[in-house]
Amino acid sequence: MEQKSNAFLAEEKISVLMRKFAVPCIISLLVAALYNIVDQIFIANASYLGSCGNAANNVVFPLTVVAQAAAVMIGDGCCAFVSISLGAGKKEEAHRSIGCSIILCIFVSLLITAVYFVFQDKILLMFGGGVNEETFANAREYFTWITAGIPFYMFGQMMNPVIRSDGSPRFAMVSILAGAVFNVIFDPVCIFVLKWGMMGAAVATIAGQILTALLAAWYLFHMKAVRLGKESFKLSPGLMKEFLPLGLTSFLSQISVVASMAAINNMIVKYGAMDEIFGRTEYAQIPMAVVGIVMKFFQIVISISVGLAAGCIPIVGYNIGAKRMDRARELFKKLLMAEFLVGLAALLIVELLPGQLTGIFGAANESPYYRSFAIKAFRTYLCLMPLATVNKGTFIYLQSMGKALQSSVLSMIREILFGVGWAVVLPVFFGLNGVLYSMPLSDLLTFLIAAVLICRIFKELKKN
């Protein structure tokens, strides 16, 4: 089988390449996000689950992000390294890094699965599962089954950027889309027809993840620019030192969400108990359920934002490897504009249609307190999304340039220093409202730093 060249990445029009690579990547990430979101929509609209099931889903969600974070660190790092290697004509390093990343992903996924099964109850309590007994029981049931599918989930997520780096963004999209469609079809069957509750939502999700993993495994035997052999599948510490740092930003951007949500969930439990309304047992789960659905919408927006930038990683990496800095600069300019427009569109939706968004997640079955708090949460928590999307695009562009340290530091400042810090500090002064203020303040402060780096990137690319 004749291998194909990726030279078109240094020749094709930038706008055409962005559409070809970014759109499938966006769809892939959106579909991946829909796994958890679809579960939450059906759970919320099942009268026997409702807001307690919704809250339980919010407790488990950051724990699935841990697995995703590890997978995207390996996959995005390998994607960037393979793209740069192919641009420099180093196919030997490209195929060996892919094989190494696969072995590493399998090992890490089994390790995470084991830890989750052994420390299940303690982990759920750490993420706010103890808000009330019904929420904890639902979270435990959902988490048990989701944990069983982690190896398949991680393999599919890790392979997605690798497949894009081989020049097949459409197949990467289709493999994720197939699993999500399967999940959407079987979720209502398991929840409403079979009445399997939280277990049903998880089983439908796992089945879709297995389908995605099988399609990714099939692609390994049909790669275009890189050909894999037995010698490819070896753990190489030297190669891991090369490609893992390139995926560190992706890891930090995901894992920091976990730290932020752990802080937020615990603040909700603590300060919700002091609230005049949500301190009552029958309403205790509402703030956690509401923040969960707001974060799901935010996840959709960030999936588009990250997809725009991550889809461009092969383009940036190849052109930098080929010394075409003019093209890399043009791409960065177009990327920042697209990121801002995505954030602006999302902002208009949450400010103008918060009631409609709340209705999608079962508000009709809940008390008036649920709806009023949800509307306030949408409008406050997400009021600076244009800055959030530009920040994300900047993080990932730095990563694709091979500037792993700068990208990682900026990501850590946003998600850990600001994201966790303000989520802990502001509720001390503003109660539950402080949780809602933490997001826009973090995005604003991060943008002030990102703006300086954006100017430096343009100057560097122009000079070179």
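At what angle do the axes of H11 and helix H12 cross? In the predicted model examined here, local features require pLDDT of at least 70 and side-chain atom pairs count only at pLDDT 80 or more, whereas totals for chains, interfaces and linings use all residues. Residues are numbered from 1 along each chain as its sequence is written, and side-chain values use heavy atoms, with hydrogens and water left out.

The axes of H11 and helix H12 (residues 313–321) cross at roughly 25 degrees and come within 5 Å. Axes are lines fitted to C-alpha atoms, for helices over the stretch in contact, with angles running from 0 to 180 degrees between N-to-C directions; helices (H or I, at least four residues) are DSSP runs numbered from the N terminus. H11 and H12 are therefore roughly parallel to each other, a term applied to angles under 35 degrees, while those over 145 count as roughly antiparallel. The contact (heavy atoms within 4.5 Å) involves Ala309, Ala310 and Gly311 of H11 together with Ile313, Pro314 and Ile315 of H12. This contact of H11 with H12 comprises 5 nonpolar, 1 polar and no charged residues; Ala, Val, Leu, Ile, Met, Phe, Trp, Tyr, Cys and Pro count as nonpolar, Asp, Glu, Lys and Arg as charged, and the others, Gly among them, as polar.

Two residues of H11 were examined individually. Gly311, found in helix H11, is buried, with a relative accessible area of 0%, where buried means under 20% and exposed over 50% (1.4 Å probe, protein chains only). Leaving aside neighbours within four places in sequence, Gly311 is in contact with Phe21, Ala22, Cys25, Arg164 and Val306. The C-alpha atoms of Gly311 and Lys90 are separated by 21 Å, the two residues being 221 residues apart along the chain. Ser303 also lies in helix H11 and counts as buried at 9% relative accessibility. Residues up to four places away in sequence not being counted, Ser303 touches Ile26, Leu29, Leu30 and Ala33.

A search of the whole structure finds 2 cavities of 30 Å³ or more. A cavity is a set of points on a 1 Å grid over the protein atoms alone where a 1.4 Å probe fits but cannot get out, and lining residues have an atom within 4 Å of a point. The volume of the largest cavity is about 710 Å³, a volume being the space filled by probe spheres set on the points, which are joined across faces, edges and corners. Of its 44 lining residues, Gln254, Val257, Ile302, Val306 and Lys392 are the closest to the centre. Helices supplying at least two lining residues each include H1 (14–44), H2 (50–87), H10 (248–272) and H11 (286–311); the largest share, 8 residues, comes from H10. By class, the lining has 23 nonpolar, 15 polar and 6 charged residues.

Lys195 is found in the loop between helix H7 (169–193) and helix H8 (197–219) and counts as exposed at 53% relative accessibility. Although not a glycine, Lys195 has a positive phi of about 60 degrees.

Terms used. On a 1 Å grid over the protein atoms alone, a cavity is a set of points where a 1.4 Å probe fits but cannot get out, and a pocket is an open set with protein on both sides within 12 Å along at least five of seven lines; lining residues have an atom within 4 Å of a point. Angles under 35 degrees count as roughly parallel, over 145 as roughly antiparallel, 65 to 115 as roughly perpendicular and the rest as oblique.
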